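Biologist: I would like to learn how to read the aromatic rings and a helix in a model such as this one. Could we go through them slowly, one feature at a time?

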Amino acid sequence: MINRSLIRALMVSAALATGTLLAGCNGENLAQSAKATKPIPEKLLAEMEAKNMDKGSPILVRLFKQESELEVWKQDRSGRFALLKTYAICRWSGDLGPKIREGDRQTPEGFYSITPGQMNPASAYYLSFNMGYPNAYDRAWGRTGSQLMVHGDCSSRGCYAMTDEQISEIYSLGRESFFGGQTAFQVQAYPFRMTPQNMAKYRDNPNMPFWRMLKEGNDIFEVTKTEPKVDVCDKKYVFDAEPLPGGKPLTFNPTGKCPAYQLNPEVAQALQDKERADRSRLAELISHGARLAKSRAGIDGGMHPVFATKLPDAQSIAMSDVNDYTISATGPAPGTIPSYVNPPRAPEGAVMETAATSSSSETTSQTGGPNVFSALASKVGWKREQPAEPQAAPAPKPTPAPKSKAIAKNVAPARAPEVRMPEPRIIPLNRTAQAGPETKPSETKSSAPVPPETIAGAQPTAPANSFNSRWSSFQ
């Protein structure tokens with residue numbers, strides 16, 4: 001009898017080989033290629049062993065837009081997930097908030113499931129996997145769009161774009177988890193890290209009811225370190241729902257009324273404790289006048305500063321309102337940045353933080369002196385001139401003075417004129433991007449970038465005494 005694990009591996013191989021027919025971001029009709037079978041790097045395998053993880057154990061992916069970071073978590077031998085590696089996102093498009101309609105350039109937010117058939121070994125963007133947008137929640141709200149990916153090539157029109165080197169590694173992790181028996185891995189896509197600080201910063205955002213709902217799934221994962229079971233009913237996400245004692249098996253209708261359910265009591269208690277601590281911290285931050293997020297009007301998406309600071313026109317690249325990146329901007333770029341990359345631009349005439357200045361305080365505090373941003377700025381002609389040293393006024397020649405007038409002493413040296421730094425060069429957002437092979441069916445048919453629209457977000461969905469209503473006083 002053929003071993004069951006062998007049959008399962010063969011089935012997964014067949015699904016991966018036919019991924020080109022099932023996945024998007026694909027402009028080529030190619031068979032499975034060597035890049036899709038590239039092994040996991042030895043360094044990462046050693047990291048797995050150090051963290052008590054098996055090569056084929058399940059994975060889970062978390063995406064954070066504002067921070068432009070992607071995390072790969074992997075199940076260790078205790079059965080819980082632990083963080084394996086954090087990757088800098090090279091490019092994402094749109095604004096914070098969920099994707100609403102086809103062509104709005106928004107990258108999805110929510111909970112998605114990736115099966116072997118969604119892996120695309122023949123992507124026009126090196127390698128990719130389809131996020132599965134729209135999911136049951138998105139469809140319940142009538143949202144439209146298709147072929148939304150995580151892929152390479154650092155180019156985005158609704159996708160999360162990595163470098164080719166990064167997506168090769170992420171793809172291999174997903175492939176090996178399927179060979180190990182995982183039938184689907186979960187992707188959790190968030191607008192930002194769901195901390196009280198960020199909830200306070202965005203408390204006036206119209207998407208906050210939707211984000212509070214996502215935070216409940218985030219919190220369950222953080223307190224249990226297990227993949228939350230996700231269902232949809234009454235047009236809202238429901239996490240880790242269990243039948244009531246003696247109750248019937250649960251059935252969920254995305255647009256219908258939610259059945260009676262409960263959380264595991266231990267999970268419910270841990271979640272309540274975290275929720276209480278976060279609410280207390282949020283109230284404290286608001287009472288102390290926590291500032292609101294800076295406007296992103298006119299900015300299309302984001303790029304991690306580890307990439308942005310390596311570009312020749314860094315002073316015109318708009319950066320996210322973040323000061324706690326996991327990956328330092330001063331390190332080497334994790335992969336090749338294509339020459340045709342189109343980073344997010346600061347709107348014309350706007351005064352805001354750019355890639356050339358966003359992390360200078362971090363570097364100065366670490367080195368206490370000149371940093372890579374100064375060198376970068378000088379290369380692009382944006383070099384801060386140093387004020388001239390004050391020069392002492394030349395000593396006056398002794399001349400007879402009238403006895404009735406006193407001679408001034410301690411004459412102050414003449415002050416050198418202040419030298420001002422030239423204004424940074426601002427490139428309008430609507431300038432023509434350098435052409436790259438953009439043929440994704442998921443995007444707008446026009447090749448010109450479409451300005452991000454204001455996203456109204458989901459309507460409040462949680463009933464009274466729920467997680468949502470308990471947070472509503474801080475909106």
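Modeller: Let us begin with the rule for rings, bearing in mind that this is a predicted model: rings of Phe, Tyr and Trp pair if their centres lie within 6.5 Å, and planes under 30 degrees apart count as stacked, over 60 as edge-to-face and the rest as tilted.

Biologist: How many aromatic pairs does the count come to by this rule?

Modeller: The count comes to 16 aromatic pairs. One of them joins Phe81 and Phe221, whose centres are 6.4 Å apart with 55° between the planes, so that the pair is tilted. Phe81 belongs to strand β3 and Phe221 to helix α7, so to speak distant parts of the chain, 140 residues apart, and both residues are buried.

Biologist: Which parts of the chain does the pair of Tyr112 and Tyr133 link?

Modeller: Tyr112 lies in strand β5, while Tyr133 is in the loop between β7 and α4, 21 residues away. This pair is also described as tilted, at 6.4 Å centre to centre and 45° between the planes, and Tyr112 and Tyr133 are each buried.

Biologist: Where does the charged end of Lys35 sit?

Modeller: The charged end of Lys35 is placed over the ring of Tyr126, 4.9 Å from its centre, and Arg193 lies over the face of Phe64, at 4.2 Å from the ring centre.

Biologist: Which residue caps the N-terminal end of α8?

Modeller: Asn264 does, with a side-chain oxygen 2.9 Å from the backbone nitrogen of Glu266. Helix α8 itself has 23 residues, and after the helix comes Gly289, whose phi is positive, near 75°.

Notes: Residues are numbered from 1 along each chain as its sequence is written. This is a predicted model: local features need pLDDT of at least 70, side-chain atom pairs count only at pLDDT 80 or more; totals for chains, interfaces and linings use all residues. Side-chain values use heavy atoms; hydrogens and water are left out. Helices (H or I, at least four residues) and strands (E, at least two) are DSSP runs, numbered from the N terminus. The expected span of a helix is 1.5 Å times one less than its number of residues. A polar contact is a pair of N or O atoms within 3.5 Å; within protein, one must be able to donate a hydrogen and the other to accept it, and residues adjacent in sequence count only if both atoms are side-chain atoms. Rings of Phe, Tyr and Trp (its six-membered ring) pair if their centres lie within 6.5 Å; planes under 30 degrees apart count as stacked, over 60 as edge-to-face and the rest as tilted. Buried means under 20% relative accessible area, exposed over 50%, partly exposed in between (1.4 Å probe, protein chains only). A charge sits over a ring if NZ of Lys or CZ of Arg is within 6 Å of the ring centre and within 35 degrees of the ring normal.
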